[in-house]
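Hello,

Here is the structure I promised to pass on to you. My notes follow below it, and I hope they are handy when you open the files.

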Amino acid sequence: MNFAEITKENFNQISNFIIESLHSGEQANINLHAENTTFIRFNNSKVRQNTHITQKSLTLLLQKAGRSASVSFSISGNWIEDKIRAQYWLDQARSECEILPLDPFQVAIQNQGSSDSNLKGHLLNDSEVFESLIQPALGSDMAGLYCGGPLIAANRNSLGQSHWFSTESFFMDYSLYDGQRAVKGVYAGTQWHQEDYVNKISTSKIQLSLLNRPKITLEPGKYRTYLAPAAVAEIAHMFSWDFLSYNSFKKGTSALMKFGNNEKSFSPLFSVRENFQLGLNHRFNSMGELAPETLELITDGQLKNFLVSSRSAKEYSIPGNAADNHEAPRSLEITAGNLPESEILKKLETGLYLSNLHYLNWSDRMSARITGMTRYACFWVEKGEIIGPISDMRFDESLYDCLGENLLAVTDFQEIDPQVSTYDSRILGGKKTPGIMIKDFKLTL
Amino acid sequence: MNIYPNMQLNLRKTLANLSPQVDWTQIRYVSEKTTWRMVRDEKSERNSLSFDQGVMVEVLIEGHFGYAGTSDLTEEGIKSAFDKACFLAKHASNYKAHNFTELQRPPAVGTYNSHLEIGLDKISAQEIIDIFIEATRAMKLSEKIVSRSATTMISEIEQLTISSSGADIHQNFSIVNTDFSVTAHQNGETQTRTDSGGLARCLQIGAEAFDRETLLQRARKIAEEALELLAAENCPKDTLDILIAPDQMTLQVHESIGHPLEYDRILGDERNYAGWSFVQPQDFGNLQYGSPLLNVTFDPTTPNGLGSYAFDDSGHQAAKEFLIKDGVLLRGLGGLESQARLNLSGVASSRSSSWNRAPIDRMANINIEPGIDKIEDMIKSVQRGLFIMSNKSWSIDDYRNKFQFGCEYAKLIENGELTKTVKNPNYRGTTVQFWNSLKSVSDTRESFGAAFCGKGEPNQGIRVGHKTPYCLFSNIEVFGA
Ligand SMILES: [Zn+2]
């Protein structure tokens, strides 16, 4: 049996045990995270550290007499051990329910159906992985992380709901350096094709050689700017942070407050939606609710929907849309426009071409203002010609400007920004973003 | 060591049974019990417990460390992780970044326990929830207050490290994080005030962190300040002196001293993620990082400090060291591996976020040593300036030069006196220039923490502490919203 098959057996055994052990008046919702991952960290095209991780954990939400208790615990995959753990944590959850106050916005556990998805991948095996990754990069200074292996999310509840999603995926997230000049690349998917990886690295090497001109230092000020899809993805990353969440809108902390209250607007060229057809994430959330295949959030600059969890729906008496509790997008897409790739430099004329941005944060939420840095391959362009790379600059820019009246064009192509976050564990997801052309992008330092 | 009944975990026996085909092996067990409790608007919002446990098996083969971690704590599970670590380390050793030896894993023996006055078992969930309900009620000073919350994250961590060369380290950590937040709204203006900024109130401490009167007082204070901010003018756009409170100095020292001094950043390990560093190896002993008033230490012995411990994850015994003395950069943050790679002296800072990550160079407590000035005199010395506190926004470039930080609350200083409250205070600068403009340091200090300092590939969020005085800087660019 492979990792997914063994894990499915573990999950069924433990969840059956928990569900069968419930007393009358108790309901349970159970989530599983499991992964079997090879991580390889590179510096200077050599192996700095390599770590293999097998981790499985369960989260049990117990509802009893209007109370909600959540407990999470690691499981071993050994039934004798795991039965002891499951019993212990079920008891703990019960004791919590004894002492907790009523949960006023509890969403009753329901059977929201079933799903079963098993994606077979083709990954590098452990004996060839080092050579396959390093060989194409030789002759350059590569830093980065390879991550690959099975990744599983599953959900069951005591009313018969059952969801299973397993995939075998990888990403190679790297930077190539030449002194302080650098380019960024990510190769991700479920089917490793060595020739695609080799091509990707060669393209990065060519890009790096383009940076080999004297650096141009800019003065702070406003610049006509093209943001490539990876740079737009950094901005879109902020949409997970107190932005599209209905709960933060109601609590007054969302950066979309003024938009939600019709005091500010976005450009008709700007549309963003949740799109599970991208295949980057499963549709069920941690309560096993199925999100719609697509959900329009902002269309042609007009607000269509906030992300609303069932908990917020209950609190504010509005319909929910199966967002997860933190109401962050799980499969976000900024839709394409009509600027072809071949026209970008011509349309930019004179200004900045920014491939990547770095370390974004809200500098003023109420005006949806973001500060951050330029990073990697960023160029100064004159009369449609790349003149040379720029020294990194800080920007401070309101989304109401750059996605509002200063938004000049959106590219007719998009790129996938794969999820590469690995805090505590790997996670599923990703985004799809186009490039955007804007005027008066504000550099401050 | 194990919360479960009738479960035996005999790591020493397991270690002894691992085949002796490698130069060196270590097993590092980590368990972490985390309790979240959150009350919003006097109602229970979130209550969750989690218990994560696992082991990291580490082997040294042909000069390369290999790691394999597992949540399967059976003897077979650990044996299987050991085999995987050996297999991958052997293959990787052909491409290794450095030739390491057992010198990077001293066979340390010892124990550590967080300093606490009252055990965490002495306060019940009910008591905490009651205090939090009362605290959010105390925040309800006006109809303008639209959201009130009180949150705690309590962590109890146990680490046991044993190695084939005789290491035997047992460390126990007790950590309490409290976070209060008030949002006020009126006429299209929204202001949020927290108890010292996000999750900064985070210490190694016991149940004494839940002193009812102290917490209620702090709850009322931030509610009053949220209302003050609602009525306040915007922070001026100007260049002036700023006096920074310890709850913002924490972030300042973290981002513009801690991170750039990490040896693994200087060595380039981190270049694909958080970035490189403007600091070069030859800067140690030479660079005038700040004004002569700046004294910065790496101090994992700080009582209650969030980043305190007795040994790092390589078995290196922790000790206090000066990083910057009289403004001159002396030493960086690097454990034994980085010290060997750079041939520089460092500190015991090789730390991992948990059993499932390999150790990398981190901060512990990075503190600013106290100065001699009284805070009142520091205010008196300022003609026109800003007293600024509690971080709400942070951003810095990948070499750690150009930063921009936003805070929750500030007061103008005019002719040596604190006057009006101003909202949306922000400031920006470049690291070395900024620290060289330090002109006065207070004789008192306060401790805060960063509960999720993110770094590394794979990513690791780790706890670090900062004990700092109030610091006065001249000619800083400030602005509002
Ligand atoms: Zn940090």
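Contact, in these notes, means heavy atoms within 4.5 Å. Helices (H or I, at least four residues) and strands (E, at least two) are DSSP runs, numbered from the N terminus. This is a predicted model, in which local features need pLDDT of at least 70 and side-chain atom pairs count only at pLDDT 80 or more, while totals for chains, interfaces and linings use all residues. Residues are numbered from 1 along each chain as its sequence is written, chains are lettered from A and ligands numbered from 1 in the order in which they are written, and side-chain values use heavy atoms, with hydrogens and water left out.

Buried means under 20% relative accessible area, exposed over 50% and partly exposed in between, with a 1.4 Å probe and protein chains only.

Ile128(B), Phe132(B) and Thr136(B) are among its buried residues. The buried residues of this helix pack against helix 2 (79–99) of chain A, together with elements of chain B that include strand 1 (24–40) and helix 4.

Now the cores. A nonpolar core is a set of buried Ala, Val, Leu, Ile, Met, Phe, Trp, Tyr and Cys residues joined through side-chain atoms within 4.5 Å. In the largest, which has 84 residues, Tyr289(B), Leu386(B), Tyr427(B) and Phe473(B) touch the most other members. Strand 22 (residues 460–479) of chain B gives this core its largest share, six residues. A second, separate core has 58 residues, including Ala34(A) and Tyr4(B).

Which residues hold the zinc ion? Its protein donors are His254(B) (NE2), His259(B) (NE2) and Cys453(B) (SG), 2.0 to 2.4 Å away from it. Donors are N, O and S atoms within 2.8 Å of the metal (3.2 Å for Na, K and Ca), and water is not among the atoms, so sites may look incomplete. Along the chain the donors follow the spacing H-x4-H-x193-C. Both His254(B) and His259(B) are buried.

Chain B also has an open sheet of four strands in the order 13-12-11-16, with antiparallel pairing. Strand 13 (328–329) and strand 16 (366–368) are its edges, each pairing on one side only. Two strands pair if DSSP finds at least two bridges between them; two bridges join strand 12 (residues 321–325) to strand 13.

Finally, chain A has ten helices and 18 strands. Of its 445 residues, 59% count as buried. Its C-alpha trace spans about 75 × 60 × 30 Å along the principal axes. Lys46(A) is found in strand 2 (residues 46–64) of chain A and is partly exposed, at 36% relative accessible area. Not counting residues up to four places away in sequence, Lys46(A) touches Arg41(A), Tyr95(B), Lys96(B) and Ala97(B).

Best wishes
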